Amino acid sequence: MSAAKPRIGITLGDCAGIGPEIVDLALKSGRVPDSAEYVVIGRQPNCHPGKPTIETARAAAAALEEAVTLARRGELDAIVTGPVHKARMYDIGFKFPGQTEFFAQRCGIKNFAMCLTAEKITVALVTTHIPLRKVPRALKQSEIVRVGLLLLDFVQRRIAPKREPETPAPRIVVAGLNPHAGESGKIGREEIEIIAPAVDELNRSPITDHRSLFSGPHSPDTVFHRTIEGEFDAVLCMYHDQGLIPLKLHAFHSGVNVTLGLPFPRTSPDHGTAFEIAGKGIARPDSMIAAINLAVELACSGAPRGPKVRRS
């Protein structure tokens, strides 16, 4: 496979949602690289916009299976996934909390993480699709270190090379779990007993070259503003909405979900199926465009614009 012409597989997601619309709009936008070949994956059973069925869920699941099979064979360099409807997917036996976990399982990967990124903010999540009440018990020093190192690798490969030469070291801020990062233990001890030791371990790691690349734990109510202002390159977050709410507030139409740790790049828009606007001609393709661009960048950087499209 030519490194100069990466093949990017794009799944349509649930075709009753906006997935097919935003894929089509993205590929016709002139805002994605023409140095890549785009393979649109997925059939569209008879359906009505905004009305998901068992058949639309089955088609979405089949597209995921086809995409991961092609990528594992080396026939795709990256995958971009359209949004799926999880409740419908569960109805047909989809056993994964999300597409992130699906790809990790199919690739036999246990060291993976969910990351979302936009122009001025990147977040990675230590815990993901679990109830909020279970987060404190699920929070482990080893997991913070594991996800932190995956995030560092992503930052070093994507963000750090674009920075000014005089400030080459990545800067990752670690958010606390509790308000005010526990207020010195007065409103929570997770920062003292779990998160701070994890930060110390990260900064002692050979991967960080024993540099203090990680800072924290800091109060969660300030770290995202400080990151957007340029003080940090990324935020290591303790739970799902801690990272997704500020990212979507800041960059709802340009955020991208990327799975860290896979043997190939996998990205997706940071929004859902949007059944309520499907078929109305008002869906915006910005996040899909950003997801395609990031997939191409991770597969092969420096490509010009304007797509060549092929349907599988």
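**Group meeting talk: charges, rings and cysteines**

A search of this whole structure turns up 14 salt bridges. By salt bridge I mean a side-chain nitrogen of Lys or Arg within 4 Å of a carboxyl oxygen of Asp or Glu. Side chains of opposite charge can pair when their charged atoms come close.

Before we go on, a word on the model. It is predicted, so local features need pLDDT of at least 70 and side-chain atom pairs count only at pLDDT 80 or more, while totals for chains, interfaces and linings use all residues. Residues are numbered from 1 along each chain as its sequence is written, and side-chain values use heavy atoms, with hydrogens and water left out.

Let's visit a few of those salt bridges. Lys-28 pairs with Asp-24, and their closest N and O atoms are 3.3 Å apart. Are these two residues buried or exposed? Here buried means under 20% relative accessible area, exposed means over 50%, and partly exposed is in between, using a 1.4 Å probe and protein chains only. Lys-28 is exposed because its relative accessibility is 64%, and Asp-24 is partly exposed because its value is 31%.

Next come Glu-55 and Arg-43, whose side chains meet in a salt bridge at 3.5 Å, N to O. This pair links distant parts of the chain, 12 residues apart: Glu-55 sits in helix α2 (residues 54-72), and Arg-43 in the loop between β2 (37-41) and α2. For those labels, helices (H or I, at least four residues) and strands (E, at least two) are DSSP runs, numbered from the N terminus. Both ends are partly exposed, with Glu-55 at 34% relative accessibility and Arg-43 at 48%.

Now look at Asp-91 and Arg-88, a salt bridge with closest N and O atoms 4.0 Å apart. How are they placed in helix α3? They are 3 residues apart in that helix (residues 86-91), so about one helical turn separates them. Asp-91 is exposed, with a relative accessible area of 52%, and Arg-88 is partly exposed at 27%.

On to the rings. Rings of Phe, Tyr and Trp (its six-membered ring) pair if their centres lie within 6.5 Å; planes under 30 degrees apart count as stacked, over 60 as edge-to-face, and the rest as tilted. By this rule there are 5 aromatic pairs. One of them is Phe-94 with Phe-96, an edge-to-face pair at 5.2 Å centre to centre, with 65° between the planes. Both of these phenylalanines are buried. They also belong to one aromatic cluster, made up of Phe-94, Phe-96, Phe-102, Phe-103 and Phe-264.

What about the cysteines? A disulfide is a covalent bond between the sulfur atoms of two cysteines. The cut-off used here is a pair of cysteine sulfur atoms within 2.5 Å, and the structure holds 0 disulfides. Cys-107 counts as buried at 15% relative accessibility, and Cys-237 counts as buried at 0%.

You can find Ser-268 in strand β10 (residues 266-269), where it is buried, with a relative accessible area of 4%. Its side chain and that of Arg-266 are joined by a polar contact of 3.5 Å. A polar contact is a pair of N or O atoms within 3.5 Å; within protein, one must be able to donate a hydrogen and the other to accept it, and residues adjacent in sequence count only if both atoms are side-chain atoms. Leaving aside residues up to four places away in sequence, Ser-268 touches Thr-81, Val-256, Asn-257 and Ala-291, where contact means heavy atoms within 4.5 Å.

Finally, some backbone details. Gly-216 and Pro-217 are joined by a cis peptide bond, with omega about 5°, and Pro-217 lies in strand β7 (residues 214-218). His-180 has phi near 55°, a positive value in a residue other than glycine, and lies in the loop between β6 (172-175) and α7 (190-204). Ala-181 also has phi near 55°, and its place is in the loop between β6 and α7. His-180 is partly exposed at 46%, whereas Ala-181 is buried at 15%.
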